[in-house]
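Please keep the sequence and the coordinates at hand while reading.

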Amino acid sequence: MKYKEFINLIEEIAPTEEYKDIDNSGVQIYTGKEEINKIIVCLEINEDVIEEAVKKNADMILTHHPLIFNPAYVIDYNDFPGRYIQQAIANDICVYSAHLSFDFAPKGNNFYMMQLLNLFIRDACSKDEGYYGQLPEPMNFAEVSEYVEDCLDLPKNYIRCVDGGKEQIVKIGLCTGAGGDFLFDAVREGCDLFITGDLKLHEAQYAKASGMSVIDAGHYGTEKIFVENMAHQIYAKAAEKALTVDVIMAEANTNPYIL
């Protein structure tokens, strides 16, 4: 498809206009390509992703986390992200990032996690309120912890947990990525459990004191789902518009932690 057609397609999935003053979603690198035939989708860029994109002849890398998040006053090959910027340009690969625009898109990360957990959505939630849902059936804390690991395809003992002391878990609040700020909303909404990543110690202490359980499944653990979700949406939107594009879900590992 034409480059402009691709940009319009992505903007329909995850519009960036609302976040332009607080986030760097959108075009990160444009090398002048007029046609985009092959896209590789990943959570974020590292050298393994670029190597895979080159090997598979991708025209564009589509990420969730922006490659260029803060203003880049100097592009230095010996530094980050300068090295990745240089490598992408040298290999004629464009880069586009859908960050906050996709987090809060109608079918973005939070919505998709709700689906993966088979949660019944009880509340019509705005992006400022977080997502709340109900488990298919009540579970105790040990059961729901294992359930979350299975649904999100996480290794055993990958998650960190705060046991709020409730015998049954029914209502769940969640926010993918570093969503600790929404913990306080979840408490006010009467959630039994809050799921997010990168929870701070004082937030965990607040949850325990409030009698609410928490599962910290990690930033990577809660947002790696971006890859399959975005890939499926691109295919669906392209088919809807009678456009053709090859979408690759990156195989490169972008988790910086050793399991």
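**Packing, cores and charged pairs**

The buried residues of helix 3 pack against strand 1 (26-29), helix 2 (47-55) and strand 4. Contact here means heavy atoms within 4.5 Å, and buried means under 20% relative accessible area, with exposed over 50% and partly exposed in between (1.4 Å probe, protein chains only). Helices (H or I, at least four residues) and strands (E, at least two) are DSSP runs, numbered from the N terminus. The model is a predicted one, in which local features need pLDDT of at least 70 and side-chain atom pairs count only at pLDDT 80 or more, while totals for chains, interfaces and linings use all residues. Residues are numbered from 1 along each chain as its sequence is written, and side-chain values use heavy atoms, with hydrogens and water left out.

Helix 3 itself spans residues 82-90, and its buried residues are G82, Y84, I85, Q87 and A88. After helix 3 comes D92, which has a positive phi, near 60°.

The discussion now turns to the nonpolar cores. In soluble globular proteins, nonpolar side chains tend to be buried together. A nonpolar core is taken here as a set of buried Ala, Val, Leu, Ile, Met, Phe, Trp, Tyr and Cys residues joined through side-chain atoms within 4.5 Å. The largest such core has 26 residues, of which F6, V41, L62, M230 and I234 touch the most other members. At least two residues of this core come from each of helix 1, strand 2 (38-42), strand 3 (60-63), strand 4 (94-97) and helix 10. M230 can be followed individually: beyond its neighbours within four places in sequence, M230 is in contact with I10, I13, V41, L62, A98 and F102. Another core, of 24 residues, lies apart from the largest one and includes Y112, Y147, L154 and L174.

Two packed helices are described by the angle between their axes and the distance between the axes. For helix 5 (residues 109-116) and helix 10 (residues 226-240), the axes come within 10 Å and cross at roughly 105°. Such axes are lines fitted to C-alpha atoms, for helices over the stretch in contact, and the angles run from 0 to 180 degrees between N-to-C directions. Helix 5 and helix 10 are therefore roughly perpendicular to each other, a class that covers 65 to 115 degrees, whereas angles under 35 count as roughly parallel, over 145 as roughly antiparallel and the rest as oblique. Helix 5 contributes N109, Y112 and L116 to the contact, and helix 10 contributes F226, E228, N229 and H232.

One of these residues, N109 of helix 5, is buried, with a relative accessible area of 0%. Leaving out residues up to four places away in sequence, N109 touches H64, F102, D103, T176, E223, I225, F226 and N229.

In helix 1 (residues 3-13) lies E11, which is partly exposed at a relative accessible area of 24%. Residues up to four places away aside, E11 touches T16 and Y96. The C-alpha atoms of E11 and F102 are separated by 9.7 Å, although the two residues are 91 apart along the chain.

How many salt bridges does the model hold? The count comes to 16, where a salt bridge is a side-chain nitrogen of Lys or Arg within 4 Å of a carboxyl oxygen of Asp or Glu. In one of them, the side chains of K241 and E12 meet at 2.7 Å, N to O. This pair links distant parts of the chain, with K241 in the loop between helix 10 and strand 11 (246-249) and E12 in helix 1, 229 residues apart. K241 is partly exposed, with a relative accessible area of 33%, and E12 is partly exposed at 42%. A network of salt bridges links E12, K237, E240 and K241.

Another salt bridge joins the side chains of D185 and R188 at 2.2 Å, N to O. D185 and R188 are three residues apart in helix 7 (residues 183-188) and are thus separated by about one helical turn. D185 is buried, with a relative accessible area of 18%, whereas R188 counts as exposed at 62% relative accessibility.
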